[in-house]
Amino acid sequence: MKSLEIEALLTAHDIKPTANRIVVAKALAAAERPMSLSELEYKILSIDKSGVFRALTLFREHHLVHVIEDGGDGVRYELCHSHDDHQEDDDQHVHFFCERCQRTFCLPATPIPAVSLPDGYLMTSINYMVKGLCPECAAKQ
């Protein structure tokens with residue numbers, strides 16, 4: 001995504017497009033898979049860890065990122081492609097955690113199946129993770 005597209009996306013989510021926020025959003029947009037805070041910190045050398053974390057926290061509050069428990073003991077982030085801060089998230093999909101290479105993959109063509117909860121329960125989010133071997137690791141077996 002280009003800077004103008006990133007700025008428009010931030011603005012649509014009621015986020016002021018500062019230089020740091022644009023850099024973090026660009027890094028997420030360029031990523032081929034959900035990224036951890038440490039991966040983002042390594043990729044973005046111009047911003048310290050606390051600056052990256054503050055941007056991610058703001059993005060989370062404004063529904064610009066999905067926060068994914070990665071199947072290990074960490075959290076990963078990916079850009080949410082819903083249109084704005086006030087819209088219901090139409091970009092939820094299954095994720096896959098490879099137990100061998102420890103990578104987390106988005107499966108955007110695989111929607112999260114409907115989950116019916118007992119009366120009285122109110123779902124605020126869902127995180128659907130499948131674990132196993134990715135195609136690359138499975139081919140090595």
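**A walk through the helical core**

Let's start in the middle: the largest nonpolar core has 23 residues, and those touching the most other members are Leu10, Val24, Leu28, Leu40, Leu56 and Phe59. A nonpolar core here is a set of buried Ala, Val, Leu, Ile, Met, Phe, Trp, Tyr and Cys residues joined through side-chain atoms within 4.5 Å. Buried means under 20% relative accessible area, exposed over 50%, and partly exposed in between, with a 1.4 Å probe and protein chains only. At least two residues of this core come from each of α1 (3–12), α2, α3 (37–43), α4 and β3 (75–79). In soluble globular proteins, nonpolar side chains tend to be buried together.

A word on what you are looking at. The model is predicted, so local features need pLDDT of at least 70 and side-chain atom pairs count only at pLDDT 80 or more, while totals for chains, interfaces and linings use all residues. Residues are numbered from 1 along each chain as its sequence is written, and side-chain values use heavy atoms, with hydrogens and water left out.

Now for the overall layout. The protein has 5 helices and 6 strands, arranged along the sequence as α-α-β-α-α-β-β-β-β-β-α. Helices (H or I, at least four residues) and strands (E, at least two) are DSSP runs, numbered from the N terminus. Of the 141 residues, 34% count as buried. Taking contacts (heavy atoms within 4.5 Å) between residues at least 6 apart in sequence, 52% join residues at least 24 apart.

Ile6, Leu9 and Leu10 of α1 are buried. They lie on the same side of α1, because they cover an arc of only 100° around the axis; the arc is that of the directions from the helix axis to the C-beta atoms. An α-helix has 3.6 residues a turn, so residues three or four places apart point the same way. The buried residues of α1 pack against α2, α4 and β3.

How do α1 and α2 meet? Their axes come within 10 Å and cross at roughly 105°, which makes α1 roughly perpendicular to α2. Axes are lines fitted to C-alpha atoms, for helices over the stretch in contact, and angles run from 0 to 180 degrees between N-to-C directions. Angles under 35 degrees count as roughly parallel, over 145 as roughly antiparallel, 65 to 115 as roughly perpendicular and the rest as oblique. On the α1 side, the contact is made by Ser3, Ile6, Glu7 and Leu10, and on the α2 side by Arg21, Ile22, Ala25, Lys26 and Ala29.

Helix α2 (residues 19–30) also packs with helix α4 (residues 49–61), at an angle of about 75° and with their axes 9 Å apart. These two are therefore roughly perpendicular to each other as well. Not counting residues up to four places away in sequence, Phe59 touches Leu10, Ile15, Arg21, Val24, Ala25, Leu28, Leu64 and Val65.

Finally, look at the backbone in two loops. His63, in the loop between α4 and β2 (65–69), has a positive phi near 60°. Gln102, in the loop between β4 (93–98) and β5 (104–111), has a positive phi of about 65° although it is not a glycine. His63 is partly exposed, with a relative accessible area of 42%, and Gln102 also counts as partly exposed at 42%.
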